[in-house]
Amino acid sequence: MPVTNGADIMAANTYGFIGLGNMGGPMCANLIAAGLSVQVFDAADTAALAPKGSAATDNVGALAAAVDTIFLSLPDGKIVHAVCAEIANAELRRVTTVVDFSTTGPEAAGQALAILADVGITFVDAPVSGGKAGAVAGTLTVIVSGPDAAVGDLAVPFRAVGGNIFHVGPNPGQAQAVKLLNNFLSATAMAATSEAVLFGQKHGVDMSTILDVVNVSTGRNTATMDKFPNRVVPETFDAGFAMELMTKDVALYLEQVGVAGTPDAVGSTMSALWNAAHDKMPGSDFTKIYRYIAGEK
Ligand code: NAD
């Protein structure tokens with residue numbers, strides 16, 4: 001069900017944010033713009049990455065001792081588990097709720113829950129969709145699973161970062177399942193659109209014309225409507241989502257499809273394709289898969 005209302009948290013609540021990268025940096029900036037007090041930490045360089053108005057802390061333990069709620073936006077499940085363990089083991093721990101905006105998969109969310117539940121910390125799973133542009137604009141889709149009361153208490157910060165907020169179930173991991181299937185569809189749209197555009201170009205039709213036709217026809221998708229016109233046609237390849245992370249998400253989707261025992265014919269093909277593209281173009285934006293599929297050496 002969409003979360004459109006909810007008890008507003010008390011203004012005195014203090015927040016922490018760990019992971020100030022492409023997504024975390026602008027999301028944290030939007031929490032501050034909404035009037036929330038936020039202390040931050042990033043393993044790379046907290047002072048350089050801290051959004052204006054936030055307070056930098058020295059390490060995860062210091063943050064866990066200083067705030068009530070910590071948000072995470074970290075690369076993968078392994079790192080989330082390491083950070084959750086640091087939070088759980090923090091001396092003079094104050095934090096009572098951890099909210100994970102990262103994409104980690106259902107199993108990893110279950111493990112994070114176990115690490116935190118052991119010391120009485122509530123865990124809310126809240127992966128996001130909408131890319132860096134959505135993070136900057138505060139219009140992300142926030143897919144949430146966790147206990148009703150905790151999710152209700154997060155209405156203000158969720159509204160600060162998100163345009164559409166969905167509470168999809170009571171158990172951490174359910175939101176990750178929806179996030180992974182979404183990214184699988186996004187990755188498939190990007191790869192399939194690359195092949196389709198190359199086919200049309202081979203027949204002498206230019207890319208913009210192909211996109212104009214498809215975008216008012218039944219083949220339109222997020223790649224034809226957004227990634228191609230905004231990142232591939234201008235050859236900027238700057239969606240702000242690393243090919244490494246998309247490859248991780250598709251592999252995670254396929255792995256979790258294996259656990260669930262649901263069909264994987266398209267998923268296995270996509271995972272092999274994204275792995276191959278990533279091997280060839282490490283460090284690229286994910287929209288560059290078009291160049292890989294086009295046969296760029
Ligand atoms: P990023 O690599 O830009 O940022 C991750 C940040 O985490 C970095 O600043 C890094 O220094 C920090 N970090 C790594 N290990 C740490 C640790 N142990 N302690 C503290 N900080 C640490 O990644 P991103 O693109 O911002 O993505 C973050 C998460 O959001 C990922 O799980 C990704 O799959 C997901 N996501 C990304 C997008 C996107 O378009 N970029 C969209 C939706 C979801």
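Predicted model: local features only at pLDDT ≥ 70, side-chain atom pairs only at ≥ 80, totals over all residues.
Tutor: Local features need pLDDT of at least 70, side-chain atom pairs count only at pLDDT 80 or more, and totals for chains, interfaces and linings use all residues. Residues are numbered from 1 along each chain as its sequence is written, and side-chain values use heavy atoms, without hydrogens or water.

Student: Why is helix 12 called roughly antiparallel to helix 13?

Tutor: The axes of helix 12 and helix 13 (residues 265-280) cross at roughly 155° and come within 9 Å. Angles under 35 degrees count as roughly parallel, over 145 as roughly antiparallel, 65 to 115 as roughly perpendicular and the rest as oblique. Helix 12 is therefore roughly antiparallel to helix 13.

Student: What makes helix 9 and helix 10 oblique to each other?

Tutor: Helix 9 (residues 174-202) and helix 10 (residues 207-214) pack at about 120°. That angle belongs to the rest in the scheme, so the two helices are oblique to each other.

Student: Which residues make that contact?

Tutor: With contact meaning heavy atoms within 4.5 Å, Val 197, Gly 200 and Gln 201 of helix 9 meet Met 207, Ile 210 and Leu 211 of helix 10.

Student: How do the residues lining the largest pocket divide by class?

Tutor: Its lining has 14 nonpolar, 17 polar and 8 charged residues.

Key
Axes fitted to C-alpha atoms, helices over the stretch in contact; angles between N-to-C directions. Helix = DSSP H or I, 4+ residues; strand = E, 2+ residues; numbered from the N terminus. Nonpolar A, V, L, I, M, F, W, Y, C, P; charged D, E, K, R; others polar.
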